[in-house]
Amino acid sequence: MFSLPSTLLLLSLFSHSLQTSLKILNTPDQPAGHSGDCRKPLLCSGVSLHFSTVHPVYSWWDSTFYRGRVAKRVNMSECGFVSNAVVTATARTRKGSAGNCPAIYTSRVNVREFNVYSVEELSAKEIGKVNCDVHWIATGYTDCD
């Protein structure tokens, strides 16, 4: 097998490769150079499925705010953000689905959830045929505890 020194060297190399660094320059709630309460940076991501059995608001709906567009609310409460995060999202079809998902943008981001809206005109019935999930990544802060 391995000798003790070679095992320690392998463990050292392996543990070093697992270490990551996340540096946040600023967020909507924290301008650059601002240092406030004890907060640690957090990178959180997920996939919001095209349908929801929990609540209809987490499925695609016809937006009444942006007429002719579809909207979807995405839950990220499990991330535990303590301030509004920076969120990037994209819509993607499920494997085996025919068609293309629309371009989307994020809006109304808070510590628990955010909305996405389609850029082009589309109905909830049309996007329902394509099965578009929302893939997202959020960068923000959580408590130091």
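The model is predicted, so local features need pLDDT of at least 70 and side-chain atom pairs count only at pLDDT 80 or more, while totals for chains, interfaces and linings use all residues. Residues are numbered from 1 along each chain as its sequence is written, and side-chain values use heavy atoms, with hydrogens and water left out. The chain has two helices and seven strands, and three salt bridges are present.

**Fold and contacts**

- Two helices and seven strands make up the secondary structure, where helices (H or I, at least four residues) and strands (E, at least two) are DSSP runs numbered from the N terminus.
- The order along the sequence is α-β-β-β-β-β-β-α-β.
- Of the contacts (heavy atoms within 4.5 Å) between residues at least 6 apart in sequence, 69% join residues at least 24 apart.

**Burial and surface**

- The chain has 145 residues, of which 30% are buried; buried means under 20% relative accessible area, exposed over 50%, and partly exposed in between (1.4 Å probe, protein chains only).
- L22, L43 and I137 form a nonpolar surface patch with about 240 Å² of accessible area together.
- Patches are made of residues with over 30% relative accessible area and no salt bridge, with like charges joined within 9 Å and nonpolar side chains (Val, Leu, Ile, Met, Phe, Trp, Tyr) within 5 Å.

**Salt bridges**

- A salt bridge is a side-chain nitrogen of Lys or Arg within 4 Å of a carboxyl oxygen of Asp or Glu.
- R69 pairs with E121, with the closest N and O atoms 3.7 Å apart. This pair links distant parts of the chain, 52 residues apart: R69 is in the loop between strand 2 (61–62) and strand 3 (70–75), and E121 is in the loop between strand 6 (113–118) and helix 2 (124–130). R69 is partly exposed at 24% relative accessible area, whereas E121 is exposed at 62%.
- E113 and R73 meet at 3.9 Å, N to O. Here E113 lies in strand 6 and R73 in strand 3, 40 residues apart. E113 is buried at 17% relative accessibility, and R73 is partly exposed at 23%.
- D133 and R94 meet at 2.6 Å, N to O. D133 is in strand 7 (residues 132–143) and R94 in the loop between strand 4 (86–93) and strand 5 (104–107), 39 residues apart. D133 is buried, with a relative accessible area of 4%, while R94 is partly exposed at 33%.

**Largest pocket**

- The largest pocket has a volume of about 240 Å³.
- On a 1 Å grid over the protein atoms alone, a pocket is an open set of points where a 1.4 Å probe fits, with protein on both sides within 12 Å along at least five of seven lines; lining residues have an atom within 4 Å of a point.
- Grid points are joined across faces, edges and corners, and the volume is the space filled by probe spheres set on the points.
- Its lining comprises 14 residues, with S48, L49, S52, Y58 and N75 nearest the centre.
- Strand 1 and strand 3 each supply at least two lining residues, and strand 3 gives the most, with four.

Definitions and conventions
Accessible areas come from the Shrake-Rupley method with a 1.4 Å probe; for residues, only the protein chains shown count as cover.
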